[in-house]
Amino acid sequence: MQNIWTIAKREFSNYFNSSIAYAIAFFILIFLGGYFVAYMVYLSSSSGFMMDTPDAWQVTGGLLATLLVFSLPFLTMRLVADEVRMGTMELLLTAPVRDYELVVGKWLGAFLFVLLLIAITLVFPFMLNQMVTPGIDQVLMLSGYLGLVLMAAAFLALGVGISALFNNQFAAAFVTLLALLFLWWFIGLPAFILPTGGEIFRYLSVGSHIQDNFATGSVNISNIVYLLSLTGLGLAIGTTAVEMRRWR
Amino acid sequence: MIRVNELTKTYGLRKAIDNLTFEARQGEILGFLGPNGAGKTTTMRILTGYMPPSSGEASIAGYDVVKESLEVRKRVGYLPETVPLYTDMTVFDYLKFMADLRHLPNAEERVEETLEMVRLLDRAEGYIGNLSKGMRQRVGLAQALLHRPEVLILDEPTIGLDPAQIIEVRNIIREVGKERTVMLSTHILSEAQQLCDRILIINKGKIVAEDTPENLQARLTGAERVQVRVRGETQDLAEKIAQMKGIQNVQSQGEGLIEFQFAPGQDLRPEVARLVVEAKYDLLEMRSINLSLEEIFLQLTRDDIPVPAETVPVNEE
C-alpha cells in the first residue's frame with residue numbers, strides 16, 4: 001500500500017513537469033470554456049431561458065467525455081513505456097516493490113491528476129447554476145460526474161496496461177486511442193443493426209453506459225460494475241505485461 | 001552471502017550464462033571480469049531479481065532470488081550498467097523517492113548521510129539532468145547505498161569517470177566492502193587487481209578462472225621475465241645470454257632491448273648483469289616484467305576454447 005502511494009505521488013507531481021499534461025489540460029479547458037460561452041449565447045439569443053432548463057451534461061458533460069476519450073491516451077502513454085526507454089525500469093523492478101504495486105501506483109498517479117482536471121471543470125455547472133432559475137438538477141449533475149470519474153478510471157487503467165506492453169510511448173498512445181474509441185463507440189454499433197441480441201453490445205459500450213445511464217441519472221449497479229471491471233482488467237494487463245518483461 | 005549454483009540463462013538458443021557456480025562471503029569484494037557479452041550483466045540481473053534464470057539457483061543472504069525475490073531485493077543495493085535516473089527530478093527528490101520505496105525510517109536524514117558519503121550534498125537541490133556523467137554515477141551509487149544493503153552489486157561502477165572520480169568511487173567501494181559483500185563487474189583489470197579480494201574471470205558465460213589477484217598472476221605467469229637495456233647493438237649479447245644455463249626464451253627487441261626468462265625462485269639477474277658488463281656493454285637498465293593481468297585476461301578469454309588456468313603454456317621449449 002505504501003509503495004503504491006509513493007509511486008502515485010511521484011507520477012502525480014511528474015504531470016506538473018510535463019508539457020504534454022499542460023497542453024492537454026489547456027486543450028480540454030479551452031474547448032469546454034468556448035463551448036460553454038457559445039451555448040450561453042445561443043440560449044440567450046434564441047428562445048432564451050424560458051425553454052427546458054439545460055442540464056449540466058448537455059452543456060459541458062458530454063463534450064468533456066469525448067475530450068477525455070481523445071486525451072487520456074496521451075496522459076498514460078509514457079507511464080511504463082518511458083521507464084523502459086530511460087532504463088529506470090531496471091531500478092523499479094529490482095526495488096522491493098511488487099509488480100502490481102508498480103502498475104497500480106502509476107494508475108493512481110494518473111487518476112489523481114485527471115480527478116483534479118475534472119474537478120476544475122465543475123466551474124461550468126457551477127456557473128450554469130447561477131445563471132438559470134431555479135438552478136440545475138444537482139442529482140443529474142452528480143450522476144454525470146460520477147460517470148466521468150469512473151470512465152476516467154477505466155480508460156486510464158487500460159492506458160497503463162497498454163503502455164506496459166510497449167517500449168515506445170507513441171505506439172502505446174496510438175493503440176490506447178484505438179482501444180478507447182473501440183470501447184467508447186464501435187463496440188456498441190451491432191446493437192443498432194442486429195434485430196435481436198444487440199443488448200450485449202450495448203452493455204459493452206462505455207459510451208452507452210455514460211450517455212444512457214449516468215447522463216440521464218438512471219444509474220444502476222451494473223453500470224458501475226462494468227466500469228470497475230474494465231479498470232481491473234487494465235491493471236491486470238499492466239501487471240502481467242510487467243511480469244512478462246522479466247521473462248524476456 | 002551470495003551463493004550461485006549451476007546458474008544458466010538462455011536467450012532463445014544462445015546461452016548467456018552457462019552453468020555458473022560461485023560464492024561470495026561477507027566482507028568480500030568479488031570482482032567479476034570478462035569481455036563485453038560474457039554474461040556479467042545477465043548474472044547480476046538474475047541476482048538482483050530483475051529476471052529469473054532458465055535453470056539453476058542463486059541465493060543472497062539465504063533467500064532464493066526467484067522464490068523470495070522481495071526479501072532479496074530488500075537486502076541488495078544495485079547499480080545497473082546504465083545508471084537509472086529520472087533526469088527531471090532533483091538529486092534529493094530522486095533519493096527520497098527510492099528511500100520511500102524501501103520504507104526507510106528518517107528517509108530525509110538517510111538521504112543526506114548518503115549524499116555526504118558520495119560527496120554530492122552540495123548538489124542535492126540540482127536537477128539530475130544537469131549533472132555530469134561522474135556525478136550521475138555517484139547518484140546511482142548513492143541510490144544503491146541508501147538502505148545500507150548487506151550485498152552491493154555494481155555493474156561497471158567506474159565506467160566513463162575521470163581518473164579523480166574513479167579513485168573516489170573506488171575508495172567508497174573499499175570502505176563499504178569492509179563489512180559488506182560487494183560484487184562488481186569491470187573490464188578494467190587493474191581495477192579488479194586493486195579492489196578485489198577475489199577475481200572471477202568469465203568468458204562466453206563460463207567461469208574460466210577464479211582466484212585472488214596475486215594467485216591468478218602467479219599461477220598463470222609460471223616464469224620470471226626480465227628486460228635488459230644496453231647501449232648499442234645487442235645481437236651477439238643476446239646469443240651469449242641465451243647460452244647461459246637456466247635462461248629461456250631470449251628475445252632481442254632492437255634498440256638495445258633484450259628480454260629473457262628463467263624459472264621462478266632461481267634468480268639469475270646477477271649472473272646476467274655480470275655477463276653484460278664482462279662483454280663490455282653499457283648496462284642501462286634491468287627490470288622484471290610480470291605477465292600483467294591484462295595478458296592473463298587476454299589469454300583466458302581469447303576466442304573459442306577457454307584455457308583452464310592450469311594448462312596455460314609456460315614457454316617450455
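Reader: Which strand runs parallel to β3(B) and is joined to it by bridges, and how many bridges are there?

Author: Two strands pair if DSSP finds at least two bridges between them; strands (E, at least two residues) and helices (H or I, at least four) are DSSP runs, numbered from the N terminus. In this predicted model, five bridges join β3(B) to the parallel strand β8 (residues 181-186) of chain B, with B:Met183 as the bridge partner of B:Leu30. Strand β9 (residues 198-203) of chain B also pairs with β3(B) in the parallel sense, over four bridges, and there B:Ile199 stands opposite B:Gly31.

Reader: Is strand β3 of chain B buried or exposed?

Author: Buried means under 20% relative accessible area, exposed over 50%, and partly exposed in between (1.4 Å probe, protein chains only). Five of the five residues of β3 (residues 29-33) of chain B are buried, so the strand is largely enclosed by the rest of the structure.

Reader: What does B:Arg138 form a salt bridge with?

Author: Side chains of opposite charge can pair when their charged atoms come close. A salt bridge is a side-chain nitrogen of Lys or Arg within 4 Å of a carboxyl oxygen of Asp or Glu. B:Arg138 pairs with B:Glu168, the closest N and O atoms being 3.2 Å apart. B:Arg138 lies in helix α5 (residues 133-145) of chain B and B:Glu168 in helix α6 (residues 163-177) of chain B, so the pair ties together parts that are 30 residues apart in sequence. B:Arg138 counts as buried at 8% relative accessibility, whereas B:Glu168 is partly exposed at 23%.

Reader: Which conventions apply to numbering and to the model?

Author: Residues are numbered from 1 along each chain as its sequence is written, and chains are lettered from A and ligands numbered from 1 in the order in which they are written. Local features need pLDDT of at least 70, side-chain atom pairs count only at pLDDT 80 or more, and totals for chains, interfaces and linings use all residues, while side-chain values use heavy atoms, with hydrogens and water left out.
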